[in-house]
Structures are given as C-alpha cells and as structure tokens.
Amino acid sequence: MQIKPGVVTGNALKELFAYCKEAGAALPSVNAIGSHSANAAMAAAKEAKAPIIIQFSHTGAQFYGGKSLDNSAQQASIAGAIAGALHVRTLAKVYGVPVVLHTDHCAKKILPWVDGVIAAGEEYFARNGEPLFSSHMLDLSEQPLAENIEISARTLARIAKMNMTLEIELGITGGEEDGVDNSGVEHDKLYTHPEDVLKAYDALGPLGSFTVAAAFGNTHGVYAAGNVKLKPTILRDSQQYIQAQRKTGPKPVNFVFHGGSGSSPEEIREAVSYGVVKMNIDTDTQWAFTHPIKQFMDEKGAYLLSQIGNPEGPEKPNKKYIDPRGWLNIGEKGITARLVEAFKDLGAFGKFEL
Ligand SMILES: [Zn+2]
C-alpha cells in the first residue's frame with residue numbers, strides 16, 4: 001500500500017485499517033510521554049517503512065505538558081495531548097512517515113480530558129479542514145455494557161463529524177498501566193463475549209468508524225507466564241458471530257490488542273490473523289528505553305560522580321558524559337529498535353511504500 005507521510009486521518013485511516021486486515025498486518029501503537037519517545041517512534045516507522053500509531057495516555061499527556069502543572073480540571077492532560085499532537089504534526093513529514101495520532105484509555109471519571117481534547121480538535125478542524133487527532137479511545141469497560149455503548153455512541157456521533165475513529169473497550173484488559181489498575185478484576189471479565197461485540201457493532205456501525213479493544217486474557221505490563229491464559233480465538237469467534245448474524249463479509253470488526261508487551265510472536269500472529277489492526281506496546285518500549293541507559297550509567301559511572309575528574313585524571317572534564325543528549329539518545333535508539341522488531345512481529349514490515 002502506498003501511503004503519504006504526515007498524520008493519517010479520515011478516509012485514509014479507514015483505508016489503512018482495511019488494508020492491514022487484508023494484508024494480515026497490524027501497526028504498533030506506542031505511548032509517547034515526551035519528544036524523545038515520539039521521535040524514537042517516528043524513527044522506527046522510517047526504518048520499517050511503515051505507518052506508526054503514536055498515542056498519549058491521560059498521564060502520558062500530563063507528563064508531556066509537565067508534572068509541575070495543575071491538572072485538577074484536566075488542563076495539563078488536555079494541553080499536553082495537544083502539544084504532543086502538534087509536535088508530531090510538525091515532524092512527521094520531516095521524518096517522511098505516516099502517523100496515526102491517538103489518545104489512550106479514558107475512563108468515565110476523566111471524560112472531561114478527552115472532551116477537552118475533542119473541543120480543541122473541533123477548533124483545529126474549523127481552521128484546517130482536518131482533525132487534530134486521527135482517533136480517540138474511551139474505556140468505559142468498568143461501566144455496565146449499555147452505559148459503555150451509550151456514551152461511546154454519543155462520543156462517536158460527535159467526532160464522526162470530523163471523520164474520526166473511536167476506539168472502545170469491551171471486557172477488561174488485565175494488569176496495571178498509567179493509572180488504570182485492573183489487577184484485581186474477576187476472571188470472567190478478562191474475556192469479551194461475542195454477543196457484546198455484536199451489540200457494539202449494531203450501535204456504533206451506523207454512526208461512524210470504530211475499533212474494539214476486546215479482552216482475550218491480554219494484560220497491561222509484563223508478568224511471569226501462567227497467570228492468565230491468552231485466548232485470541234475470542235476475536236475469531238466474535239468476527240464469525242457478527243458475520244453470521246449480520247451477513248457481513250469476513251472480519252467485520254477492527255480489533256485492538258492492548259497489553260502487547262511480553263507476547264510471543266506466535267500469539268501476536270494469531271491475534272493479527274483474526275483482525276487485529278493495532279497493537280499497543282508500552283512496557284516493552286519503556287524497558288527498551290531504560291535498560292540501555294542503565295548500562296550506560298553503570299559503564300560510565302566513574303565519569304558521572306563529579307563535573308571534573310575521572311579515571312583518566314583528576315582534572316579531566318566530564319561534560320560529554322553528563323550531557324543528557326548522550327544517554328537520552330541511547331534510550332531513543334532502544335525504543336526504535338524494539339519498535340522495528342514489533343513491526344516485524346505484526347507483519348507490517350515491508351508491506352508499505354512510503
Ligand atoms: Zn491499554
């Protein structure tokens with residue numbers, strides 16, 4: 001597929017997801033928390049010659065804006081998400097890569113966050129004729145299904161006016177991440193029921209474009225094996241159920257795989273074959289950033305104890321070791337390498353022409 005550099009929105013995003021399903025590929029979605037992670041993600045897309053999804057979580061957006069800011073009315077998370085989006089918009093074309101701009105989990109209690117980002121997006125749309133973001137996610141999986149679908153439908157009706165896509169969550173992703181702690185959730189909720197996916201399909205389908213984060217035993221974070229069993233066949237069963245009930249073509253739903261970190265290439269391939277078009281990968285990229293920096297700090301420890309004086313002499317300056325650009329770049333390269341691996345696992349490597 002040939003795809004233009006810059007932020008992918010509207011029909012281009014729908015076509016991108018349709019192509020992914022047809023080609024048996026999915027795109028990695030990485031949580032950016034600052035320019036370093038956003039740039040590392042775009043560098044990975046460039047290397048893999050494929051589009052990438054950059055998303056901001058509620059706390060990631062807050063961090064992007066700066067932890068010292070007051071966030072009592074979500075103002076830091078709103079402004080941080082906008083700043084991150086403008087950062088990516090400015091640089092994606094320079095990197096020469098297509099980027100899908102997205103916001104991550106938004107639970108009911110922080111709806112004013114995404115509402116604020118959407119309002120800013122509407123202003124952006126009025127000025128530029130395209131939305132600021134490509135898509136947003138609502139995560140109302142803690143609410144009863146009817147309420148989840150009702151609020152999701154209302155939000156989709158609003159953003160569909162800008163031809164945007166909505167990601168919803170059905171069932172609960174286990175584990176803990178960015179203030180979303182589902183580590184104590186009862187077992188049954190960790191698996192989505194095909195009937196629930198059909199209800200969402202019927203309610204949201206007529207309104208606009210949507211994707212479904214379905215729970216199939218996937219968890220946020222990386223844990224020792226054996227806690228929860230991954231059952232990607234839930235995705236297949238949901239697709240077949242809707243296809244049969246509503247007489248659609250194969251794989252009518254675009255699925256999202258949350259908690260991709262720590263999954264084996266086989267598990268990823270199986271999930272993608274059932275219509276996953278987006279896989280969130282956060283913990284693995286956090287590790288890929290932090291670990292090489294730790295190695296650097298360990299190796300150069302004797303050069304980081306004071307500004308002057310190191311094993312080469314008491315008057316030797318340490319400026320080049322102290323400069324954060326040195327070790328930040330080591331972390332950025334770690335993220336890029338891990339994401340290139342993800343592109344390969346997801347079958348997206350070599351499937352695009354930029
Ligand atoms: Zn998630």
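Axes are lines fitted to C-alpha atoms, for helices over the stretch in contact, and the angle between two helices runs from 0 to 180 degrees between their N-to-C directions. In this predicted model, helices α5 and α6 pack at an angle of about 15 degrees, and their axes are 11 Å apart. Angles under 35 degrees count as roughly parallel, and α5 and α6 are therefore roughly parallel to each other. The crossing of α5 past α6 is left-handed. On the α5 side, the contact is made by L111, D115, I118, A119 and E122, and on the α6 side by I151, T155, R158 and I159. By class, five of these contact residues are nonpolar, one is polar and three are charged.

Helix α6, which spans residues 145–160, also packs against helix α7, residues 194–204. Here the angle is about 30 degrees and the axes are 10 Å apart. Helices α6 and α7 are therefore roughly parallel to each other as well. Their crossing is right-handed. From α6, the residues L145, I149, S152, A153 and L156 take part in the contact, and from α7 the residues D196, K199, A200, A203 and L204. The contact of α6 with α7 comprises seven nonpolar residues, one polar residue and two charged residues.

A zinc ion is coordinated by three histidines, through NE2 of H105, NE2 of H220 and ND1 of H258, at 1.9 to 2.0 Å. The spacing of these donor residues in sequence is H-x114-H-x37-H. H105 and H258 link distant parts of the chain, being 153 residues apart. H105 is in the loop between β4 (98–103) and α5 (111–128), whereas H258 is in the loop between β11 (255–257) and α9 (265–273). Both H105 and H258 are buried.

Helix α3 covers residues 58–65, and its buried residues are H58, G60, A61, Q62 and Y64. The elements that cover these buried residues include α2 (35–48), β3 (52–56), α4 (75–95) and α5. Just after α3, G66 takes a positive phi of about 120 degrees.

Most residues other than glycine have a negative phi. Two residues of the model that are not glycine are described here for their positive phi. Q74, in the loop between α3 and α4, has a positive phi of about 70 degrees. Q74 has a relative accessible area of 11% and is therefore buried, since buried means under 20%. K247, in the loop between α8 (233–246) and β11, has a positive phi near 50 degrees. The relative accessibility of K247 is 70%, so K247 counts as exposed, the cut-off for exposed being over 50%.

V8 counts as buried because its relative accessibility is 4%. Leaving aside residues up to four places away in sequence, V8 touches I3, L13, L16, P98, V99, V100 and S134. V8 and I168 are 160 residues apart in sequence, and their C-alpha atoms are 19 Å apart in space.

Terms used
Residues numbered from 1 in each chain as written. Predicted model: local features only at pLDDT ≥ 70, side-chain atom pairs only at ≥ 80, totals over all residues. Heavy atoms only, no water. Helix = DSSP H or I, 4+ residues; strand = E, 2+ residues; numbered from the N terminus. Parallel < 35°, antiparallel > 145°, perpendicular 65-115°, else oblique. Left-handed = near helix turned anticlockwise from the far one by under 90°. Contact = heavy atoms within 4.5 Å. Nonpolar A, V, L, I, M, F, W, Y, C, P; charged D, E, K, R; others polar. Donors = N, O, S within 2.8 Å, 3.2 Å for Na, K, Ca; no water. Buried < 20%, exposed > 50% of the residue type's maximum accessible area, 1.4 Å probe, protein only.
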